[in-house]
Amino acid sequence: MKKIIVVGGGAAGIAAAQGALDAGADSVWLIDRNKELGGILRQCIHDGFGLNKYKASMTGPEYAVRSISEIYDNPRLHISRSTNVIGVKKHNDEYQIQIQNSEGLKWVGANSIVFATGCREKTRGMLMIPGTRPAGIFTAGLAQRLVNIENVMPGKRVVILGSGDIGLIMARRLCLEGAEVAAVIEIMKDSGGLSRNIRQCLLDFDIPLYTGHTVSKIIGRERVQAVEICEVDDNLSVKKETAQIIDCDTLILSVGLIPENEILSAAGAELCDGTENVKTDSYLQTSLDGVFLCGNSRYVHDLVDRVSAEGYAAGQNAALFIKMQNLIEFQDPVTMNAIKGIPQKTDIFCVLCPNGCRIKVDVNEKGERNISGNGCPKGVNFVEQESKTPSRIVTTTVKGESGRLIPVKSSLPISLDKAASYVKECQNMILSKNDLKEDRRIRVAGFPDAIGCYD
Ligand SMILES: Cc1cc2nc3c(=O)[nH]c(=O)nc-3n(C[C@H](O)[C@H](O)[C@H](O)COP(=O)(O)OP(=O)(O)OC[C@H]3O[C@@H](n4cnc5c(N)ncnc54)[C@H](O)[C@@H]3O)c2cc1C
Ligand code: SF4
């Protein structure tokens, strides 16, 4: 029986397994080093995933649980968790993959492989920020994991370096959990984040954004005590005369992601010119025959729907490769291009879905309002609501009896001024097994129900 191994069980790997199964593969083995499938989605408890694939705005855990449920019972699928893939080599007509888990190290064979190993964050060492080396410096992904999965707050007064979507989302999350976010610092003149996220993560909470600035020094011995920030010139060099100090106990770095594909490059896969990225053709195949690459390990994607579409195509092609049939050229089916850049405080950005439409309201001489720019009728209701009581779907976590956090989202939008109280109410709850109902609704005293996400 010919076998496909999918390395990595995030959105890309799950979709690759599904693509391979749908294309008739006899045996698909999905391997992930984590205890649970889902990859980064498990810690992204905010809303806004899956609009293209599922026509719904879901949290990361909801998207993960739904995608896994679509393949889980397939008898041709074998899943190994807590299993690390550490090497790959060609042996005669097949590939050998070295895996490591609680049973030790071993080599296993595969006729085709899909790599879906995601990406990792850039660290302080890569940025070479001058200053001391105290505790209190985290990458944004680590901080997100601490808050959303480990139930640990990284600090009380936080500065975030980098205003991409991950930095923005962490600013809001930390604020709602009771930290003070003193500033978000961005070296470029504009933010790389979606306008919708700047609206709902910074402007909603009055968090200052310093563009054209960087952190020029970290201050503190045992723990971070402050950071020095400076303006930068057109060459991104620090203008020392503009230095100002911001007191904080925590610095969060959200300064970029790097595709994780060292195993493939060590196996001899060709790289794109001048980069560390592995080259793929239009079938998502690397220079190694029958070895495919998808998701954030191919390049860093901002939409999970795109990752899933690519993963599915890579898995499909792995199955076609084994059957010696023609591969299918990958064409990205996701056309959504959400608006990026810094909105004005007065701009109306609909936050109901990841499209994040900029909505214009014109009033004519007769006082009649003309609403434009909304991609769908929901935008009109959003404008009405925004002019009365700005409200948002709030996502947070509730503790289960075992201490494990359950991601939840409010069943209805909550007015912005009550969002932090809603999160506090959820923080104070401990759910027993009996509280977990089939409809996933959880009572939150004095507020709309929360919808829980559990397998
Ligand atoms: C903070 C954040 C916010 C986001 N917000 C949104 C949003 O609002 N809407 C949206 O559509 N998209 C969003 N995205 C983007 C999207 O969610 C991700 O791009 C997507 O989930 C990545 O999927 P992936 O499978 O490529 O990678 P990952 O989810 O990182 O999965 C890779 C998997 O590979 C495993 N792995 C790696 N190496 C090995 C190995 N050697 N052996 C075994 N297993 C291995 C890892 O354990 C992991 O499970 C966000 C991303 C981030 C990080
Ligand atoms: S107007 Fe419609 S399409 Fe545009 S962001 Fe709002 S819900 Fe999405």
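Reply: We can begin with I166, which is found in helix α6 (residues 165–176); helices (H or I, at least four residues) and strands (E, at least two) are DSSP runs, numbered from the N terminus. This is a predicted model, in which local features need pLDDT of at least 70 and side-chain atom pairs count only at pLDDT 80 or more, while totals for chains, interfaces and linings use all residues. Residues are numbered from 1 along each chain as its sequence is written, and chains are lettered from A and ligands numbered from 1 in the order in which they are written.

Me: Is I166 buried or exposed, and why?

Reply: A residue is buried if 20 or more other C-beta atoms, placed from the backbone, lie within 10 Å of its own, exposed if 12 or fewer, and partly exposed in between. I166 counts as buried because it has 26 C-beta neighbours inside 10 Å.

Me: Which strands pair with β12?

Reply: Two strands pair if DSSP finds at least two bridges between them. Strand β12 (residues 157–161) has four of its five residues buried, so it is largely enclosed by the rest of the structure. β12 pairs in the parallel sense with strand β13 (residues 180–186) over five bridges, and R157 has E180 as its bridge partner in β13. Four bridges also join β12 to strand β18 (residues 250–253), again running parallel, and there V158 has T250 as its bridge partner.
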